Amino acid sequence: GGFCKSDYQLPSVRCEVWQGWIYVTLNDDLPPVKEHLKELEALISHYHMENYVETFQEDHVWDCNWKILAENFMESYHLPMLHRGTVGPHSRLEEMECPPGLEAFNYHWITKEASLPIGNAHPDNQHLEGYWRKTTALLCLYPSHLITLTPGYFWYLILQPEGVGKVRIRYGGGLSPEFVNDPKGQEYMDELKVLLDKVNAEDRMGVESVMRGVSSPLAKPGHLSHLERPNFDFARYILKQVSRK
């Protein structure tokens with residue numbers, strides 16, 4: 001007679017939504033996500049990312065350290081070569097901007113004419129103007145949420161280390177509502193998946209090769225390009241985390 005169900009309920013977990021993403025934490029002392037990422041929201045709010053529609057999601061495991069994959073994502077210096085079969089020809093180095101990162105994230109921009117219609121703003125898009133209609137934002141939300149946000153589509157990687165030499169990846173993407181609602185919406189979804197699978201395959205070949213390289217006893221760090229500024233910011237973030245007492 002003394003059993004009370006409310007005394008045996010499952011524990012509650014803090015959950016918040018930001019720009020369409022759901023973030024969960026077991027730490028009740030952290031500031032709200034909206035406060036944590038307010039500088040990033042100011043930079044990208046005009047895309048209206050919260051209205052984009054996810055059209056696919058998959059899980060993969062690659063043979064590389066998670067930090068190598070994160071570093072690969074957050075710099076576009078490699079695009080003209082590693083991705084010369086897909087997005088590389090439309091990603092000119094002189095059109096990349098790599099501003100200094102902030103406490104919770106780093107980012108950079110590429111302004112380009114896309115090879116597919118989904119890479120630029122849809123004609124029905126009324127909220128992006130001027131060069132923003134063909135500008136892509138590449139975002140690294142520390143430590144492991146990576147987003148490519150274009151006027152027409154988005155894709156992302158969420159990284160979960162599996163030891164030193166493997167990383168589990170939640171890989172997904174989708175389209176802006178204008179492309180989803182277009183009469184050719186299904187065709188655009190299919191084009192996006194084909195494109196991103198090819199890009200992902202190129203990246204996997206690259207980062208797994210880098211992993212083999214850095215595992216060599218002769219490997220040593222080199223200089224960074226100005227187009228690798230986000231990598232520098234990421235290294236400083238990692239250093240700060242591992243230096244905490």
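Modeller: In the lining classes, Ala, Val, Leu, Ile, Met, Phe, Trp, Tyr, Cys and Pro are nonpolar, Asp, Glu, Lys and Arg are charged, and the others, Gly among them, are polar. This is a predicted model, in which local features need pLDDT of at least 70 and side-chain atom pairs pLDDT 80 or more, while totals for chains, interfaces and linings use all residues. Residues are numbered from 1 along each chain as its sequence is written, and side-chain values use heavy atoms, without hydrogens and water.

Biologist: What is the volume of the largest pocket?

Modeller: A pocket is an open set of points, on a 1 Å grid over the protein atoms alone, with protein on both sides within 12 Å along at least five of seven lines; a cavity is a set where a 1.4 Å probe fits but cannot get out, and lining residues have an atom within 4 Å of a point. Points are joined across faces, edges and corners, and the space filled by probe spheres set on them is the volume. For the largest pocket this volume is about 1,200 Å³.

Biologist: Which residues lie closest to the centre of the largest pocket?

Modeller: The lining of the largest pocket has 41 residues. The closest to the centre are Tyr 23, Leu 141, Tyr 142, Pro 143 and His 145.

Biologist: Which element gives the largest share of the lining of the largest pocket?

Modeller: Elements are DSSP runs numbered from the N terminus: helices (H or I, at least four residues) and strands (E, at least two). Two or more lining residues come from each of β1 (14–18), β2 (21–25), α1 (33–36), β3 (53–62), β8 (153–161), β9 (167–175) and α7 (229–243). With six residues, the largest share is that of β8.

Biologist: How many residues in the lining of the largest pocket are charged?

Modeller: The lining of the largest pocket includes 22 nonpolar and nine polar residues. The charged residues number ten.

Biologist: Which element gives the most to the lining of the second largest pocket?

Modeller: The second largest pocket, with a volume of about 750 Å³, is lined by 25 residues, and those nearest its centre are Glu 71, Val 210, Val 214, Leu 224 and Asn 231. At least two lining residues come from each of α3 (66–73), α6 (185–214) and α7. The most, five residues, come from α7.

Biologist: How many residues of that lining are nonpolar?

Modeller: The lining of the second largest pocket has seven polar and five charged residues. Its nonpolar residues number 13.

Biologist: Which element supplies the largest share of the lining of the largest cavity?

Modeller: The largest cavity is lined by 21 residues, and Leu 79, Val 87, Leu 138, Thr 148 and Trp 155 lie nearest its centre. By class, ten lining residues are nonpolar, eight polar and three charged. At least two residues come from each of α3, β6, β8 and α6. The largest share, four residues, is that of α6.

Biologist: How many charged residues are in the lining of the second largest cavity?

Modeller: Residues lining the second largest cavity include Val 87, His 90, Lys 112, Thr 136, Tyr 153 and Leu 195. By class, six lining residues are nonpolar and five polar. The number of charged residues is one.
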